[in-house]
Amino acid sequence: MKKPTDFELLLAQEITNLDRFIIKSPLGTNEFWSEWQKKAGEIVITKAAIKKAIKIYEKKLPPEQLLKLSAMLESYREIASYLELLRETALKIKGIDIEGFTLFDSMEGDNEEEF
């Protein structure tokens, strides 16, 4: 049997870490909305914490750490897009069509800096 490479182990670890954001409840049920709210809240709080850490420690962290934090922010943006798609789909199933609003509008417009 072939031994996994460091990259394969890292990728498996990242998938395991992010797997917690998958919503398993049926779309549009009370359980779905409860799970969705919990996961969306976790993303909002985590993004705020990462941004605060970058702001406070930007001058003290090595470039590799800043790059890692920036990559983490991008991962959370991807997860936010997934959650937003689920939310929109669940609302459309109920006959509610929303335009021009996304869950993370306020998060993306808060003087975000690119690294």
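How many salt bridges does the structure hold? The structure holds 3 of them, where a salt bridge is a side-chain nitrogen of Lys or Arg within 4 Å of a carboxyl oxygen of Asp or Glu. Before walking through them, a word on the ground rules. This is a predicted model, so local features need pLDDT of at least 70 and side-chain atom pairs count only at pLDDT 80 or more, while totals for chains, interfaces and linings use all residues. Residues are numbered from 1 along each chain as its sequence is written, and side-chain values use heavy atoms, with hydrogens and water left out.

Let's start with the overall layout. The protein has 4 helices and 0 strands, so reading from the N terminus you get α-α-α-α; here helices (H or I, at least four residues) and strands (E, at least two) are DSSP runs, numbered from the N terminus. Of the 115 residues in the protein, 27% are buried. Buried means under 20% relative accessible area, exposed means over 50%, and partly exposed is in between (1.4 Å probe, protein chains only). The accessible surface comes to about 8400 Å², and carbon and sulfur atoms own 60% of that; the areas come from the Shrake-Rupley method with a 1.4 Å probe, and for residues only the protein chains shown count as cover. As for contacts (heavy atoms within 4.5 Å), take those with a separation of 6 or more: 62% of them join residues 24 or more positions apart.

Now go to helix 1, which covers residues 6–18 and contains Leu11. Leu11 is partly exposed, at 41% relative accessible area. Together with Phe7 and Ile15, Leu11 forms a nonpolar patch on the surface, and the three have about 330 Å² of accessible area together. Patches take residues with over 30% relative accessible area and no salt bridge; like charges are joined within 9 Å, and nonpolar side chains (Val, Leu, Ile, Met, Phe, Trp, Tyr) within 5 Å.

Arg20 and Glu42 meet through their side chains, with N to O at 2.7 Å. Arg20 sits in the loop between helix 1 and helix 2 (30–57) and Glu42 sits in helix 2, so this pair ties together parts that are 22 residues apart in sequence. Both ends are partly exposed: Arg20 has a relative accessible area of 38%, and Glu42 has 28%.

A search of the whole structure finds 3 aromatic pairs. Rings of Phe, Tyr and Trp (its six-membered ring) pair if their centres lie within 6.5 Å; planes under 30 degrees apart count as stacked, over 60 as edge-to-face and the rest as tilted. One of the pairs is Phe32 with Trp33: the ring centres are 4.9 Å apart and the planes are at 80°, so this pair is edge-to-face. Phe32 is buried at 1% relative accessibility, whereas Trp33 is partly exposed at 23%. Trp33 also pairs with Trp36, again edge-to-face, at 5.9 Å centre to centre with 70° between the planes. Those two tryptophans are 3 residues apart in helix 2, so about one helical turn separates Trp33 from Trp36. Trp36 counts as buried, at 10% relative accessibility. Put together, ring pairs link Phe32, Trp33 and Trp36 into a cluster.

What about helix 3? Helix 3 runs over residues 63–93, which makes 31 residues. The expected span of a helix is 1.5 Å times one less than its number of residues. Just past helix 3, Gly95 takes a positive phi of about 85°.

Arg77 bridges to Glu74, with the closest N and O atoms 3.1 Å apart. Arg77 counts as buried at 18% relative accessibility, while Glu74 is partly exposed at 37%. Further along, Arg87 and Glu84 form a salt bridge whose closest N and O atoms are 2.5 Å apart.
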